[in-house]
Amino acid sequence: MKRKHLLWLLALLVPSVAVGWPWSRDMMNSPSIKPQEGEMTPFAKQSVPVGGNPTVVTDRLAAFRLANPVAATPESIARGRQYYTIFCVPCHGVSGAGNGPVAKKLPVPPMNLTNDFIQKDTFESWVFAMISFGGRVMPAYANDLSVEERWDVVNYVRQALVKDASDLSAAAAAAATAEKDAKK
Ligand code: HEC
């Protein structure tokens with residue numbers, strides 16, 4: 001056999017034999033712990049889960065009188081406005097008056113969310129409960145909005161919806177006046 005041929009043979013043989021060497025299977029045989037295998041490390045005493053389990057309530061009445069855990073910061077209200085626009089405007093309308101584009105199709109009119117009952121008389125948790133469980137006609141939004149996001153909507157409805165609505169009607173009135181003036 002020529003030297004050149006021998007080199008070729010070695011080059012082909014070495015990798016195929018190499019898989020049989022003990023260290024080439026180290027990774028395959030290393031001990032591993034699968035998820036949920038063995039005992040879980042217990043939580044430290046008095047530890048508090050952070051951003052952990054969502055509030056579990058079973059129905060509207062159980063959700064009634066929950067304390068609002070999300071401070072009504074400008075950020076929370078801004079997020080709430082965004083969610084309100086996506087999920088509530090179709091029925092309750094941009095101004096909250098219950099005149100969204102879908103409202104006419106419903107057997108029960110969507111409530112005017114700017115009224116005293118929603119704004120002052122009831123608890124914030126009642127609005128949270130409605131969003132979480134829906135009403136006779138209103139759908140539940142617990143699958144679409146996380147607990148925090150629902151409280152963001154509550155913060156928006158209670159802190160900024162009425163102001164947004166009056167800004168909106170002021171802007172509409174200004175636009176109408178401008179149109180009238182333009183026609184003169
Ligand atoms: C498909 C239409 C629809 C959508 C979307 C909708 N609602 Fe409603 N909502 C209603 C109707 C209809 C009622 C009247 C009560 C009922 O359904 O039982 C209502 C009632 C309410 C009430 C008053 C409940 C009461 O009787 O005191 C609140 C608060 C409310 N909605 C908040 C919201 C919020 C916040 C959103 C957005 C996350 C939303 N709704 C989305 C249709 C809708």
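Tutor: The account below treats two helix contacts in turn. The model is predicted, so local features need pLDDT of at least 70 and side-chain atom pairs count only at pLDDT 80 or more, while totals for chains, interfaces and linings use all residues. Residues are numbered from 1 along each chain as its sequence is written.

Helices here are DSSP runs (H or I, at least four residues), numbered from the N terminus. Helix α6 spans residues 124-133 and helix α7 residues 147-159; they pack at about 130° with axes 9 Å apart. Axes are lines fitted to C-alpha atoms over the stretch in contact, and angles run from 0 to 180 degrees between N-to-C directions. The angle makes α6 oblique to α7, since angles under 35 degrees count as roughly parallel, over 145 as roughly antiparallel, 65 to 115 as roughly perpendicular and the rest as oblique. From α6, the contact draws on E124, V127, F128, I131 and S132; from α7, on R150, W151, V153, V154, V157 and R158. Contact requires C-beta atoms, placed from the backbone, within 7 Å. These residues comprise seven nonpolar, one polar and three charged (Ala, Val, Leu, Ile, Met, Phe, Trp, Tyr, Cys and Pro are nonpolar, Asp, Glu, Lys and Arg charged, the others, Gly among them, polar).

Helix α7 also packs with α4, at about 95° with axes 7 Å apart; α4 and α7 are therefore roughly perpendicular.

Terms used
Two residues are in contact if their C-beta atoms, placed from the backbone, lie within 7 Å.
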